[in-house]
Amino acid sequence: MLSVLTDNWELFVDGFWTTLRLFLIAGVLSLALGTVLAAFRVSPVPALRAIGTGYVNTLRNTPLTLVFAFLVFGAPKMEISLPTFFWSAVVALTVYTSAFVCEIVRSGVNTVPPGQAEAARSVGMTFMQVLGIVVLPQAFRAIVPPLTSVMIALLKNTTIAAGFSVAEAGAIPAVMAERGENQVATLVWITVGFLILIIPLVFLQRWAERRTAVA
């Protein structure tokens, strides 16, 4: 069992390093894009609300595999090209995950009492100032658990990139099969690798909940 890992150490390290890079880059980008989309969803401008709603409804109801397929196979035919399959995977994970982040942030915004936004507007604050200074800081306190769950789902979703020529952790079993290695042991070690990545996120969630708890 252990020899499967030690004999193929470089393959596992490279695979999980690519997985971690995918997760970190797509995670940051999806948080940023999702927050912008949430601002669109609660905007007083009807056109922005329509854009946010259309984006969320479309991406949330589209399988992630199809998003990958479009960016890898369809986008180049429309003369939209990305440097590598890795960056195609980053974009696919970002545009998909941001739709879920948007709805979580919007739900957090809805927990903030309307009177606070009205008070901020009464002293001359613009919509963006109200959102950035008054509403979002309070909203993020309420969305730590669901946001962490979405990030954990994003980490696991990175394995789909293996089907589109990205050499991340999900691609390890295919390489190990070519080498004639034990597939059960391979899957066990991949599971252990993902647990090592996910468990810190769970502890981070609990720590953040305690830090942001309101008495």
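A: Helix 2 passes helix 8 in a right-handed crossing, meaning the near helix is turned clockwise from the far one by less than a right angle. This is a predicted model: local features need pLDDT of at least 70, side-chain atom pairs need 80 or more, and totals for chains, interfaces and linings use all residues. Residues are numbered from 1 along each chain, and side-chain values use heavy atoms, without hydrogens and water.

Q: Which residues of helix 2 and helix 8 make the contact?
A: From helix 2, T19, F23, A26, G27, S30 and L31. From helix 8, L147, M151, L154 and L155. Contact means heavy atoms within 4.5 Å.

Q: At what angle do helix 2 and helix 8 pack?
A: About 140 degrees, with the axes 9 Å apart.

Q: New topic. Where does UniProt place the feature "transmembrane region"?
A: The unreviewed entry lists residues 20–42, 54–73, 85–105, 126–144 and 184–204. Such annotations may be inferred rather than shown by experiment.

Q: How much helix is in residues 85–105?
A: The span is 100% helix and 0% strand, with end C-alpha atoms 30 Å apart. Residues 126–144 are 89% helix and 0% strand, and their end C-alpha atoms are 27 Å apart.

Q: And N8, buried or exposed?
A: N8 is buried, at 4% relative accessible area (buried is under 20%, with a 1.4 Å probe and protein chains only). N8 sits in the loop between helix 1 (2–6) and helix 2.

Q: What does N8 touch?
A: S3, M176, R179 and E181, leaving out residues up to four places away in sequence.

Methods. Axes are lines fitted to C-alpha atoms, for helices over the stretch in contact, and angles run from 0 to 180 degrees between N-to-C directions. Helices (H or I, at least four residues) and strands (E, at least two) are DSSP runs, numbered from the N terminus. Buried means under 20% relative accessible area, exposed over 50%, partly exposed in between (1.4 Å probe, protein chains only).
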